[in-house]
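Subject: A structure for you to look through

Hello,

Here is the structure I promised to pass on to you. Please open it next to this email and follow along as you read.

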Amino acid sequence: MLKSRNKWICLCLVGVLLLFGAGCGGGSQEKVVIASINTAETQILGEMIKQLLENNIDITVEHKRNFQGSSATQQALESGDVQIYNSYTGTQFTGVLGMEVTDEWKDRDKIFEYVRDQYHEKYGVKVFEPYGFNNTYVIALRQETADELGIKKTSELVPYASEMTIATDPTFIERKGDGWHEFAETYDLNFKEVSGMSYDLMYQALKNKEVDAAVAYSTDGRLVAYNLVTLEDDKNFFPPYDCALFIKEDLLEKYPEIEEIVAPLIGSIDEELMSDLNSQVDSEKKDPEEVARAFLKERGLI
């Protein structure tokens, strides 16, 4: 009788240990981290990828927002803290890979191929074909200012710059190769004052006439909402900034179905569409998660 009882107790203990083990480790999911910088655009796209993965694969996806610039997301990728982010070919070409934008490197396909190949070789990252839009830097003015000066090109701003103030994102001031200092030198722009501020404050400052100009993103929805006009980069200073998806290759090896899951987004978002999506966040104050979900549902992707 005692023997049977001891056997029963042992079996119970084994069962408890098995259950405990299953609860603590056996059922744990893979965790994937997506990083986005502090712009509506990258956060909307990051949410699209997050929701697509969560709806199609049994993994946990965390979306970390508001990284301060592409160098921060790159460092997180290299350290292994992040497996996915969205960025721009021109940004990686100059900022991460340290390439100079010469006439030879103005072709968008050539820059994409270079970034794709270098990221594969150096970082074990797959760079997907671009989403379909080029989000470049532009100088933005109030419509009334552009009309008064009668200008449409950046070079035409030169005679007036010394009497004007301009706002720009601080990370653009610090950028090497395709940042503010090289841009101003190329055009011989000498503004009375250059102020670094966040994008939210920058657009408000321009709208409220606290500054005369701003370095904006060409797909930003606030350009239309605030009745702003942009000047042509007539010296072709900036390289193409085609937005693309960057994913660690070891994650794709583990989940090869990811490529098929994200495929409907590739090549399907143009400048007009992205500008509209951005406007919903920046002007209508919707959350990027909400905007992404509505877009994916409209396309029948979730």
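A crossing of two helices is called left-handed if the near helix is turned anticlockwise from the far one by less than a right angle, and right-handed if it is turned clockwise. Helices here are DSSP runs of H or I with at least four residues, strands are runs of E with at least two, and both are numbered from the N terminus.

Before we start, please note that this is a predicted model, where local features need pLDDT of at least 70, side-chain atom pairs count only at pLDDT 80 or more, and totals for chains, interfaces and linings use all residues. Residues are numbered from 1 along each chain as its sequence is written, and side-chain values use heavy atoms, with hydrogens and water left out.

**Helices α4 and α5**

The crossing of α4 and α5 is left-handed. Helix α4 covers residues 89-96 and helix α5 covers residues 108-123; they pack at an angle of about 55°, with their axes 9 Å apart. That angle makes α4 oblique to α5. (Angles under 35 degrees count as roughly parallel, over 145 as roughly antiparallel, 65 to 115 as roughly perpendicular, and the rest as oblique. Axes are lines fitted to C-alpha atoms, for helices over the stretch in contact, and angles run from 0 to 180 degrees between N-to-C directions.)

On the α4 side, the contact is made by T89, G90, Q92, F93 and V96, and on the α5 side by I111, F112, Y114, V115, Y119 and Y123. Contact means heavy atoms within 4.5 Å. These residues divide into 8 nonpolar, 3 polar and no charged. (Ala, Val, Leu, Ile, Met, Phe, Trp, Tyr, Cys and Pro count as nonpolar, Asp, Glu, Lys and Arg as charged, and the others, Gly among them, as polar.)

**Helix α14 and its partners**

Next, find helix α14 (residues 271-282) and helix α15 (residues 288-298), which pack at an angle of about 140° with their axes 9 Å apart. This makes α14 oblique to α15. Which hand does the crossing of α14 and α15 have? It is right-handed. From α14, L273, L277, Q280 and V281 meet P288, V291 and F295 in α15. By class, the contact of α14 with α15 has 6 nonpolar residues, 1 polar and no charged.

Helix α14 also packs with helix α2 (residues 40-56): their axes come within 9 Å and cross at roughly 100°. That makes α2 roughly perpendicular to α14. A40, E41, I44, L45 and M48 of α2 make this contact with M274, L277, N278, V281 and D282 of α14. The contact of α2 with α14 has 7 nonpolar, 1 polar and 2 charged residues.

Q43 lies in helix α2. Is Q43 buried or exposed? At 7% relative accessibility, Q43 counts as buried. (Buried means under 20% relative accessible area, exposed over 50%, and partly exposed in between, with a 1.4 Å probe and protein chains only.) The side chain of Q43 reaches the backbone oxygen of I37 at 3.2 Å. Leaving aside residues up to four places away in sequence, Q43 touches S36, I37, N38, H63, R65, N66 and P288.

S87 sits in strand β3 (residues 84-88), and it counts as buried at 4% relative accessibility. Its side chain makes a polar contact with the side chain of Q92 at 2.8 Å. A polar contact is a pair of N or O atoms within 3.5 Å; within protein, one must be able to donate a hydrogen and the other to accept it, and residues adjacent in sequence count only if both atoms are side-chain atoms. Beyond four places in sequence, S87 touches S70, Q92, D242, C243, A244 and F246.

Q204 is in helix α10 (residues 199-207) and is partly exposed, at 31% relative accessibility. Its side chain makes a polar contact with the side chain of Y226 at 2.9 Å. Q204 and Y226 are 22 residues apart in sequence and 8.7 Å apart in space, C-alpha to C-alpha.

**Two positive phi angles**

K209, which is not a glycine, has a positive phi of about 65°. You will find K209 in the loop between α10 and β8 (213-217), and at 52% relative accessibility it counts as exposed. N236 also has a positive phi, near 50°, and is a residue other than glycine. N236 is in the loop between β9 (228-230) and β10 (243-248) and is partly exposed, with a relative accessible area of 48%.

Happy exploring!
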